[in-house]
Structure formats: structure tokens, C-alpha cells
Amino acid sequence: EYRGWDETHTGLAFLGIGVGVILGVIYSFVDHAKYAKLRKTSDDELGPEARLPESLVGCIAIPISLFWFAWTITPSIHFMVPLVGSIPFGFGFVLVYISTQNYLVDAYTIYAASVLAANTLMRSTLGAAFPLFTHRMYDALGINWASTIPAILATLCVPFPFLFWKYGARIRRRCKYAAQAEEVRCAAFNKVEG
């Protein structure tokens with residue numbers, strides 16, 4: 001709208017995110033190969049936290065990308081600058097999404113379907129709510145500051161993957177369903193070992 005682009009050009013603005021998604025998928029394949037190798041060579045069972053290293057990278061890439069995008073989106077700056085700035089968003093999104101899904105499945109094994117359904121419901125609810133106010137937010141704040149709000153929110157979320165990576169086992173022990181899933185997982189691991 002601010003650049004005067006038609007629908008065709010507006011669609012091209014998503015190329016950077018697409019490139020980032022492709023890079024994220026490639027990184028994810030490499031990381032999964034490392035995880036599989038570690039799982040085969042490890043004598044101990046790997047906890048769900050072993051799935052989080054991708055998130056540690058992705059959660060940093062997302063706010064960097066969002067701030068970059070927010071402050072280069074103005075029409076006075078060439079359109080390629082924010083487009084390139086959206087690459088880390090696509091990259092980080094894939095890494096956070098995949099590792100979070102894997103973490104939830106590993107942490108809540110017997111309840112995985114319910115946990116993933118709850119996660120999808122929450123994501124979908126937020127996805128449905130945001131369009132209700134974003135247009136007014138951009139009109140009121142302008143494109144730079146309105147685009148900065150998601151960047152700030154993403155920055156506030158950066159510590160969460162690190163906290164779960166370090167304290168995930170303790171956090172899961174306090175959750176009734178995760179603790180039950182852990183008992184089942186450990187029993188299955190010990191049965192395979194024995």
C-alpha cells in the first residue's frame with residue numbers, strides 16, 4: 001500500500017521469507033542428522049531438550065529479521081533491503097516451529113496428539129485475532145513503529161527456548177501430564193535396554 005504495489009508485486013515481497021524457509025528446512029535436515037547420530041551413539045536416553053538447539057538459533061534470527069524489516073520498510077529505502085531482511089524470519093520460523101513440535105511430542109509422548117491440537121488451537125486463535133487490529137495499528141502508529149511491535153514481542157520471547165533447554169526437565173516434572181509421559185518414556189527406554 002505504501003509503495004503503491006499491485007497484487008503481483010505484493011506477492012513478490014514474500015520471496016525473502018520463502019528463501020528463509022528453504023534455508024531453515026536445509027538446516028533442520030542437518031540438525032536432525034546430528035540428533036539421530038547422537039541418539040545412536042549415546043548410552044543415555046536423550047531428553048526432549050535435545051530437540052531445542054534449532055530453537056536457540058531460530059529465536060534469535062526472528063527478532064533480528066523483524067527489526068530489520070520494521071526499520072527498512074519505508075518507501076525511501078529500496079524494496080530489496082526489507083526483502084533480504086525477511087530471510088532470517090523464514091529461517092527462524094521453520095527452526096522454532098519444527099523444534100517446538102518435536103519437543104512437545106517428545107515431552108508429552110502419550111499425550112502428544114492433545115498437546116499438538118492445543119498448540120494448533122492457540123496458534124490459530126492468535127492468527128485469527130491479529131488481522132482484527134493490525135490495520136488500525138498500522139494506521140495509528142505508522143509502518144515503522146507498528147512493525148516494531150512484533151519485533152519487540154519476539155525479543156521478549158527469546159529467553160523461553162533457552163529456559164526450556166536448561167530447566168525443561170524440572171519444568172516438566174511439575175506438569176502432571178508431562179510427568180506421566182516421562183514415566184512411560186523411561187519405562188519403554190529401560191525395557192529396550194533390558
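Here is a short walk through this chain, from its overall make-up to a few helices and one side chain. The model is a predicted one, so please read each value below as computed from it.

Let us start with the whole chain. It holds eight helices and zero strands, and from the N terminus on the elements run α-α-α-α-α-α-α-α. Taken along the principal axes, the C-alpha atoms fill a box of roughly 65 × 30 × 25 Å. Of the 194 residues, 31% count as buried. If you look at contacts between residues at least 6 apart in sequence, 77% of them join residues at least 24 apart.

Now turn to helix H6, which covers residues 112-157, and to its pairing with helix H3, residues 53-70. Their axes come within 8 Å and cross at roughly 170 degrees. An angle over 145 degrees counts as roughly antiparallel, and H3 and H6 are therefore roughly antiparallel to each other. On the H3 side the contact is made by Ile62, Pro63, Leu66, Phe67, Phe69 and Ala70. H6 brings Ile143, Asn144, Ser147, Thr148, Pro150, Ala151, Ile152, Ala154 and Thr155. What kinds of residues make up the contact of H3 with H6? They divide into 11 nonpolar, four polar and no charged.

H6 also packs against helix H7, with an angle of about 15 degrees and axes 5 Å apart. Angles under 35 degrees count as roughly parallel, so H6 is roughly parallel to H7. Here Thr155, Leu156 and Cys157 of H6 meet Pro159, Phe160 and Pro161 of H7. The residues of this contact divide into five nonpolar, one polar and no charged.

H7 itself spans residues 159-173, a run of 15 residues. From its first C-alpha to its last it reaches 20 Å, close to the 21 Å expected at 1.5 Å a residue. Where does H7 bend? The bend is at Tyr167, and amounts to about 80 degrees.

Finally, find Phe162, which has its place in H7. Leaving aside neighbours within four places in sequence, Phe162 is in contact with Leu56, Cys59 and Ile60. Its C-alpha atom is separated by 15 Å from that of Leu104, 58 residues apart along the chain.

Note on methods
Residues are numbered from 1 along each chain as its sequence is written. This is a predicted model: local features need pLDDT of at least 70, side-chain atom pairs count only at pLDDT 80 or more; totals for chains, interfaces and linings use all residues. Side-chain values use heavy atoms; hydrogens and water are left out. Axes are lines fitted to C-alpha atoms, for helices over the stretch in contact, and angles run from 0 to 180 degrees between N-to-C directions. Helices (H or I, at least four residues) and strands (E, at least two) are DSSP runs, numbered from the N terminus. Angles under 35 degrees count as roughly parallel, over 145 as roughly antiparallel, 65 to 115 as roughly perpendicular and the rest as oblique. Contact means heavy atoms within 4.5 Å. Ala, Val, Leu, Ile, Met, Phe, Trp, Tyr, Cys and Pro count as nonpolar, Asp, Glu, Lys and Arg as charged, and the others, Gly among them, as polar. The expected span of a helix is 1.5 Å times one less than its number of residues. The bend at a residue is the angle between axes fitted to the seven residues ending there and the seven starting there. Buried means under 20% relative accessible area, exposed over 50%, partly exposed in between (1.4 Å probe, protein chains only).
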